[in-house]
Amino acid sequence: TTVVVNGTASHNIPETLWGLMFEDISHSGDGGLYGELLQNRAFQEVTPGTVAALAAWTPVGGASIAVIADSTPLSSALPNALQIIVPDGVAGVGNMGFWGINVNASWTYNASFFFRFPDTLPSSDVTATASLVSASGGTVFASANVSLSPTADWTQVFTTLTPSASAPDTLNNFTVTFKDFSGTINTALFSLFPPTFMGQENGMRADIAQALLDLGPSFFRFPGGNNIEGNTIATRWQWNNTVGPLTSRPGREGTWSYINTDGLGLYEYLVWIELMGMQPIMAIWSGFSLGGQTVANSPDALAPYIEQARQQIEFVVGNTSTPGGALRASLGHPEPFTLNFVEVGNEDQFAPSTYLYRWPAFMNALQPLFPDIRFLATTFIFNPVLGPTPQSYDSHMYDTPDWFAKNSIMYDGFLRNGTTYFEGEYAAISVNPSDLFGTPANGRFTFPTMNGSVGEAAFMMGLERNADIVFAASYAPLLGHVTQNQWTPNLLAFDAGAVIKSTSYYVQQMFSLNRGDAYLPSTRADPSGTLFWSVVQQNAPPAFIIKLANTGADAANVTFQLPAAVKGAARLVQISGNPTDSNTPESPDKVVPVTSSVDAGQDMVVAAPGFSVSVVTVPIA
Ligand SMILES: O=S(=O)(O)O[C@H]1C[C@H](O)[C@@H](O)[C@@H]1CO
């Protein structure tokens, strides 16, 4: 195959082209990116007196424990407490983390909890011991004493834990025990944090954040995805319940079958996005919830939700003379955050008839107030016809590897009429086109496979070719806990101790770290073939960057006739494997990219193994 590469660029590569889509799904927030190590730390949204309320908590040493609605609640947002009836001897309570706790001797952990003595006050201070122990109980990796004064008023105590050794696995618990006290003590809002990414307060788990930073992402779409919608209107994501002290955050029933603490809240998202060098694509709730509840088509019905969205945006960009800006400043960020894109809802193609009035209601109220923000519609493209006409749409595609290869031409025929597109969610998820969202037994991927990843690469060539109208694209979902998830495959799998980079992660990285500045048109690939490519020009240092995907089993050599003289050696980054290969917890590095140096030639021959993606950077003379 010979590809003739044009020397005149058709369009620049937008700086936002490759980025991240995030929502709290499969514990990607609580138990994943968000640094808190304790599960069910504040007994939020649980029913006191039930076993479920005690999720992740167990008694230690004969204590008896129950979640109660304390007659003196810690706060209105956190009304539940963990009541511990402590017998003589060493006893207390333990937490198993999110299916494990990573005990690392090089880390200093910050532990805290609230307590009060509801009945008879002890005659003197009570010593509580916070510890990191093996689940078997055999090993204490770290412990520290805190002194509890005899008080009936909620009091927070803090300590640090520095393990004497790293644990051999993540089967470890955090415990709080008493040895010289017997009686009743109420506790609330426990917390155990490891060092966070770049030291952000109430921040992110460092290894996951680093893996995301290593993608060189330009944007971060949040907070959903389905999870912004809520199963009901009452349980929708509400920005104001996610900012301020943790004692003011009630948490909510997420749409992925678990309670969200909202400890990862709007302010934490925005600070972290800035630390990562990304920009937000922030969603506002658009009046529709997954259970079908929809805000009625009347100004009075819609007004409170439009106002809440207005306040959400004002919190992000308002100057400090506005309530939102003043609140943001009080939290530590007087400068407005960058906000160029706001998405109105999520996947409203499932509720198009009501989006016909919900979209204009939000747009007509918000666009005049925030003229510099580009609002994205979430229905199918131009279907239904909306007013005002959306400037941008968010399109989602989940399909087979073959679909993605064949549809690398998806945007080729789109009108160039000023409308821009965000391919906000895409992934090859199954080899079974008639049961895409089925089970692994029926073709669904548990982890991304090489077959799927090369299909995605073919599709991404099309996104580069159409980056004059496709301004952003992100694989979804981004993260999934291997033990407890509601969706596979995910770009990154993780558990309490490890992050597993998938073959699709590496494909995303190969594109994101080799974006180039301008697209060079070239001979068109056959969409029903097995070879897909793109060529971009990089300004500094001057180079051609060739990307080539081979979605077939047979190796192929492709000659790229480049439009200018080249020099020296070219850098080849290549990932290849068997079509069903995946990186898994058992074999996390089964398929990884290999970097090598190859001779550069103006007729640049790229040798593409079967099921491979290659990126060749050829220096321009
Ligand atoms: O059930 S789906 O609608 O397919 O859910 C998908 C689409 C939705 O935006 C996102 O939250 C989820 C997985 O990424």
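A salt bridge is taken here as a side-chain nitrogen of Lys or Arg within 4 Å of a carboxyl oxygen of Asp or Glu; keep that in mind for the boundary visited below, in what is a predicted model.

Begin by colouring the protein chain by its assigned domains: domain 1 covers 2-12 + 518-619, domain 2 covers 18-25 + 219-390, and domain 3 covers 52-193.

Next, select domain 2 together with domain 3, whose centres, taken over C-alpha atoms, are separated by 36 Å. Where they touch, five residues from domain 2 and six residues from domain 3 take part in the contact. The two domains bury about 380 Å² between them, and 75% of that area is on carbon and sulfur atoms.

Now show the side chains of Leu246, Thr247 and Pro250, which together supply 87% of the area that domain 2 buries against domain 3, more than any other three residues. If you look for charge pairing across this boundary, the count between domain 2 and domain 3 is zero salt bridges, while one residue pair is in polar contact. On the side of domain 2 that touches domain 3, the residues divide into two nonpolar, two polar and one charged.

Finally, turn to the aromatic rings, for which the count comes to 41 aromatic pairs. Select phenylalanine 341 and phenylalanine 471, a stacked pair with 4.7 Å from centre to centre and 20° between the planes. Phenylalanine 341 lies in strand 18 (residues 341-344) and phenylalanine 471 in strand 22 (residues 470-475), so this pair ties together parts that are 130 residues apart in sequence.

Conventions. Residues are numbered from 1 along each chain as its sequence is written. This is a predicted model: local features need pLDDT of at least 70, side-chain atom pairs count only at pLDDT 80 or more; totals for chains, interfaces and linings use all residues. Side-chain values use heavy atoms; hydrogens and water are left out. Domain bounds come from an automatic or database domain assignment. Contact means heavy atoms within 4.5 Å. Buried area is the accessible area (1.4 Å probe) that two parts lose on being put together, summed over both. A polar contact is a pair of N or O atoms within 3.5 Å; within protein, one must be able to donate a hydrogen and the other to accept it, and residues adjacent in sequence count only if both atoms are side-chain atoms. Ala, Val, Leu, Ile, Met, Phe, Trp, Tyr, Cys and Pro count as nonpolar, Asp, Glu, Lys and Arg as charged, and the others, Gly among them, as polar. Rings of Phe, Tyr and Trp (its six-membered ring) pair if their centres lie within 6.5 Å; planes under 30 degrees apart count as stacked, over 60 as edge-to-face and the rest as tilted. Helices (H or I, at least four residues) and strands (E, at least two) are DSSP runs, numbered from the N terminus.
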